[in-house]
Each structure stands twice: as structure tokens, then as C-alpha cells.
Amino acid sequence: MARGKGPKRGGGKRFAAESAEEIEARNARLAAFDEERARRRAEAADSDEEEAEEVGERVAGITLESDGKDNKGSADPNDPAMMTRKQREEHEKAAKAAAYRKRHEAGLTEEYKRDMAKLAEVRARREKQAAAKKEKEEDALRLEEERQKAAKAAGATGGDKEKKSKKSSKGPPKLDKITIKKMKPTQLKEALKERGQDIQGNAKTLQARLIKYEESR
């Protein structure tokens with residue numbers, strides 16, 4: 001074959017730009033390709049550098065270990081010079097965590113201050129709720145006493161006929177304190193009803209009312 005007659009390298013279809021937009025698009029693609037290739041080369045170089053550094057650290061550790069064989073116990077495993085970079089990072093992280101925990105226990109961290117403020121807020125809210133509950137119970141007891149006084153006053157201001165009928169009637173038998181405390185709420189209400197007393201309230205209130213009535217007879 002004559003020289004220059006064979007197929008030439010790179011003799012494929014060439015890019016033929018027909019407008020400025022196509023040229024700019026081609027240049028943008030080439031620039032992106034070059035940038036990606038440079039990034040990959042930089043990452044490969046960094047990886048090689050890190051690997052070389054770790055190998056050097058391991059070699060240095062082996063050298064120190066071999067030098068200290070004649071003097072056992074002289075090498076400190078917590079010495080940063082004997083650690084790899086990863087071990088140093090973990091060691092520093094653990095040291096920082098221990099220091100933070102110590103400061104937290106001493107009450108010097110912001111987290112501790114926030115926790116104490118929240119705890120004080122919860123305690124204040126609980127104390128407020130307890131005070132409101134106590135006040136409500138005292139109001140209920142005061143109303144009950146006023147109701148008892150009103151009932152007693154109504155009984156004391158009855159007509160002469162009602163007084164005579166009460167005097168003439170023998171009335172229910174007198175109950176002692178022990179018997180009253182053994183009575184059930186239904187029995188307490190029945191006994192109070194027979195004696196013309198108020199039957200509203202819980203078991204303790206009914207007992208106290210009946211005992212007071214029987215003591216005044």
C-alpha cells in the first residue's frame with residue numbers, strides 16, 4: 001500500500017459547528033470533562049497521600065515498639081505518638097466527652113442550667129395545682145358547715161307544734177360513736193333521715209354529722 005493511502009488515525013466524523021451556540025455548547029462540555037478529570041486526579045492524589053501517611057505512622061509505631069523491647073512497659077499506649085490518626089481522633093473525642101460530663105456534674109454547662117430551669121418550672125406548676133386543690137377542698141368543707149348550720153337553725157326555729165310532737169315522740173334510739181363508725185353509708189343516711197338531718201355528703205361527713213347529733217341529744 002502506498003504511503004498516505006491507508007486509513008488515518010482519528011479519521012472519524014469530525015465535529016462541524018454550524019453556529020456560535022453549538023461552539024459554546026461544545027466548549028462547555030469540554031470544560032466540564034476537564035474539570036471532572038482534574039477532580040478525580042486530585043481525589044486519587046489525596047487518597048495516596050493519606051495511605052502513605054498511615055503507612056508511615058504504622059512503620060513509626062513498629063520502630064518504637066522494636067526499640068522498646070529491651071525496656072518493657074516504657075511505651076504508653078495512650079501516648080498520641082503511638083496512635084494512628086483515627087485512634088487520636090477517638091481519644092480526643094473521649095477526652096472531650098469526659099471533660100463535658102465533669103463540667104455538667106459541676107453545674108457549669110448550659111444544658112445543666114436549662115434542665116434546672118425546667119425542673120423549677122415543673123415544681124412551681126405542681127405546687128400551684130396542689131394549692132388550688134387544697135383551696136377547693138376547704139371551700140367544700142366550709143359550704144358543708146354552712147349547710148349544717150342552716151339545717152340546725154331551721155330545726156331550732158320550728159313551730160311549737162313540731163317541738164311538742166318531737167318531745168312527745170320517743171324518737172329513734174341513741175347511737176354511740178363505735179356503732180356509728182361501723183355503719184355503712186346507706187345506714188348512715190337512713191339514721192340521719194330518721195333524725196331529720198341532712199343526708200348529703202360522703203361517708204366521713206355523714207358519720208361526723210350523726211355523731212355530732214347524737215352527742216347533742
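Glu110 is exposed, with a relative accessible area of 52%; here exposed means over 50%, buried under 20%, and partly exposed in between (1.4 Å probe, protein chains only). Its salt-bridge partner is Lys113, which is partly exposed at 45%. Both residues belong to helix H3 (residues 110-156) and sit three residues apart, about one turn of the helix. Helices are DSSP runs (H or I, at least four residues), numbered from the N terminus.

This is a predicted model, in which local features need pLDDT of at least 70 and side-chain atom pairs count only at pLDDT 80 or more, while totals for chains, interfaces and linings use all residues. Residues are numbered from 1 along each chain as its sequence is written, and side-chain values use heavy atoms, with hydrogens and water left out.

Now to the charged pairs. Side chains of opposite charge can pair when their charged atoms come close. A salt bridge is a side-chain nitrogen of Lys or Arg within 4 Å of a carboxyl oxygen of Asp or Glu, and the count by this rule is 11. Here are some of them:

| Pair | N to O distance |
|---|---|
| Glu110 and Lys113 | 4.0 Å |
| Arg37 and Asp34 | 3.1 Å |
| Glu214 and Arg195 | 2.4 Å |

Glu214 is buried at 2% relative accessibility, and Arg195 is buried at 8%. Elsewhere, salt bridges that share partners join Glu36, Arg39, Arg40 and Glu43 into one network.

Conventions. Helix = DSSP H or I, 4+ residues; strand = E, 2+ residues; numbered from the N terminus.
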